Amino acid sequence: MTYKARKRLALFILVVGLPIYIAVAVTIMSQASRFPMVIEFLIYVGLGIGWIFPLKRVFIGIGQPDPDEDQ
């Protein structure tokens, strides 16, 4: 995947995908029965950091200069 394509995909994920993920996570947690506070905290932490692991390769190096650009 080219640098420009990864940059566009990362932007799309952050602008469109992440708000959808947040809405789904909040909906699921609001519909679930009340868990003990510690378990609920662990679920929120898991949902908070769990989304990045499948998308890690898309975001690596996005803040760096384009390596394919002619100098």
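## Salt bridge

Glu-40 and Arg-34 form a salt bridge, with 2.8 Å between their closest N and O atoms; the term requires a side-chain nitrogen of Lys or Arg within 4 Å of a carboxyl oxygen of Asp or Glu. The structure holds one such bridge. Glu-40 is buried because its relative accessible area is 17%, whereas Arg-34, at 65%, is exposed. Buried stands for under 20% relative accessible area, exposed for over 50% and partly exposed for values in between, with a 1.4 Å probe and protein chains only.

## Basis of the values

This is a predicted model, in which local features need pLDDT of at least 70 and side-chain atom pairs count only at pLDDT 80 or more, while totals for chains, interfaces and linings use all residues. Residues are numbered from 1 along each chain as its sequence is written, and side-chain values use heavy atoms, with hydrogens and water left out.

## Helix H1

Helix H1 covers residues 3-31, 29 residues in total, and spans 40 Å from first to last C-alpha, close to the expected 42 Å. Helices are DSSP runs of H or I with at least four residues, numbered from the N terminus; the expected span is 1.5 Å times one less than the number of residues. H1 has a kink of about 40° at Gly-17, shortly before Pro-19. The bend at a residue is the angle between axes fitted to the seven residues ending there and the seven starting there.

Tyr-3, Arg-6, Ala-10, Ile-13, Ala-25 and Met-29 are the buried residues of H1. They pack against helix H2 (37-50) and helix H3 (52-59).

## Nonpolar core

Ala-10, Ile-13, Val-58, Phe-59 and Ile-62 make up the largest nonpolar core, which has five residues. H1 and H3 are the elements that give two or more residues to this core. A nonpolar core is a set of buried Ala, Val, Leu, Ile, Met, Phe, Trp, Tyr and Cys residues joined through side-chain atoms within 4.5 Å.

## Phe-59 and its aromatic partner

Phe-59 lies in helix H3. Apart from neighbours within four places in sequence, Phe-59 is in contact (heavy atoms within 4.5 Å) with Ala-10, Ile-13, Leu-14, Trp-51 and Ile-52. Phe-35 is 24 residues from Phe-59 in sequence and 33 Å from it in space, C-alpha to C-alpha.

One aromatic pair is found in the whole structure. The ring centres of Trp-51 and Phe-59 are 6.3 Å apart and the planes stand at 90°, so the pair is edge-to-face. Rings of Phe, Tyr and Trp (its six-membered ring) pair if their centres lie within 6.5 Å; planes under 30 degrees apart count as stacked, over 60 as edge-to-face and the rest as tilted. Trp-51 counts as partly exposed, at 22% relative accessibility.
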